[in-house]
Amino acid sequence: MAAIQDKGLSNCLAHIHRNPRKNWTLAKLATESGQSKSSLSANFKSKLDMSPMQYLRHCRLFLASQDLRRTSDSIAKIAIKSCYGTEAAFSRAFKNCFGTSPAAWRGRYQ
């Protein structure tokens with residue numbers, strides 16, 4: 001709730017949620033939210049206990065988890081859609097976040 005009440009963080013979160021698959025960088029997010037990179041990072045850390053890029057990664061992986069449940073798209077296609085350069089990188093990030101591989105996650109819902 002504190003993040004939403006902070007104008008800079010609220011702006012940043014709105015940009016992330018409007019277009020989570022955009023090629024965001026910390027600099028782009030800071031510019032869009034009207035803050036410096038260091039100010040944005042500090043605000044994220046103090047209010048959300050993570051960096052803006054970690055938050056963005058979690059959003060993308062959440063969307064990927066939904067795609068795995070709801071579509072028959074290949075894991076490679078979902079990896080690319082989730083802004084990962086390789087299926088292997090996506091699989092590592094997914095497993096770190098959810099504790100299981102994308103294929104095992106999908107298998108739970110089929």
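Analyst: Cys83 sits in the loop between helix 6 (75–81) and helix 7 (87–98). Helices here are DSSP runs of H or I with at least four residues, strands are runs of E with at least two, and both are numbered from the N terminus. Phi of Cys83 is near 75 degrees, a positive value in a residue other than glycine. Most residues other than glycine have a negative phi. Cys83 is partly exposed, with a relative accessible area of 34%. The scale is this: buried is under 20% relative accessible area, exposed is over 50%, and partly exposed lies in between, using a 1.4 Å probe and protein chains only.

The model is predicted, so local features need pLDDT of at least 70 and side-chain atom pairs count only at pLDDT 80 or more, while totals for chains, interfaces and linings use all residues. Residues are numbered from 1 along each chain as its sequence is written, and side-chain values use heavy atoms, with hydrogens and water left out.

Asp49 also has a positive phi, about 60 degrees, although it is not a glycine. Asp49 lies in the loop between helix 4 and helix 5. With 58% relative accessibility, Asp49 counts as exposed.

The protein has eight helices and zero strands. From the N terminus on, the order is α-α-α-α-α-α-α-α. The C-alpha trace spans about 40 × 25 × 20 Å along its principal axes. Of the 110 residues, 37% count as buried. Take the contacts between residues at least 6 apart in sequence: 53% of them join residues at least 24 apart. Contact means heavy atoms within 4.5 Å.

What makes up the largest nonpolar core? It holds 12 residues: Leu9, Cys12, Leu13, Ile16, Trp24, Leu29, Ala30, Leu40, Phe44, Tyr55, Leu56 and Cys59. Such a core is a set of buried Ala, Val, Leu, Ile, Met, Phe, Trp, Tyr and Cys residues joined through side-chain atoms within 4.5 Å. Helix 2 (7–18), helix 3, helix 4 and helix 5 (52–70) each supply at least two of its residues. Helix 2 gives the most, with four. Apart from this core lies another, of 11 residues, including Leu61, Ala64, Ile75 and Ala79.

Leu29 belongs to the largest core. Setting aside neighbours within four places in sequence, Leu29 is in contact with Cys12, Ile16, Trp24, Leu40, Pro52 and Met53.

Helix 3 (residues 26–33) packs on helix 4 (residues 37–48) at an angle of about 90 degrees, with the axes 9 Å apart. Axes are lines fitted to C-alpha atoms, for helices over the stretch in contact, and angles run from 0 to 180 degrees between N-to-C directions. Helix 3 is therefore roughly perpendicular to helix 4. Angles under 35 degrees count as roughly parallel, over 145 as roughly antiparallel, 65 to 115 as roughly perpendicular, and the rest as oblique. Helix 3 brings Leu26, Ala27, Leu29, Ala30 and Ser33 to this contact, and helix 4 brings Lys37, Leu40 and Ser41. These residues divide into five nonpolar, two polar and one charged. Nonpolar covers Ala, Val, Leu, Ile, Met, Phe, Trp, Tyr, Cys and Pro; charged covers Asp, Glu, Lys and Arg; polar covers the others, Gly among them.

Helix 2 and helix 4 form the other pair, packed at an angle of about 95 degrees with axes 10 Å apart. They too are roughly perpendicular to each other. Leu9, Cys12 and Leu13 of helix 2 meet Leu40, Asn43, Phe44, Lys47 and Leu48 of helix 4. Six of these residues are nonpolar, one is polar and one is charged.

Helix 2 also carries Ser10. Ser10 is partly exposed, at 26% relative accessible area. Its C-alpha atom is separated by 8.0 Å from that of Ser33, 23 residues apart along the chain.

Cys12 is in no disulfide, as the nearest cysteine sulfur, that of Cys59, is 9.8 Å away. For Cys59, the closest cysteine sulfur is that of Cys12, and 9.8 Å is too far for a bond. Cys12 counts as buried, at 0% relative accessibility. Cys59 counts as buried as well, at 12%.

Key: Disulfide = S-S within 2.5 Å.
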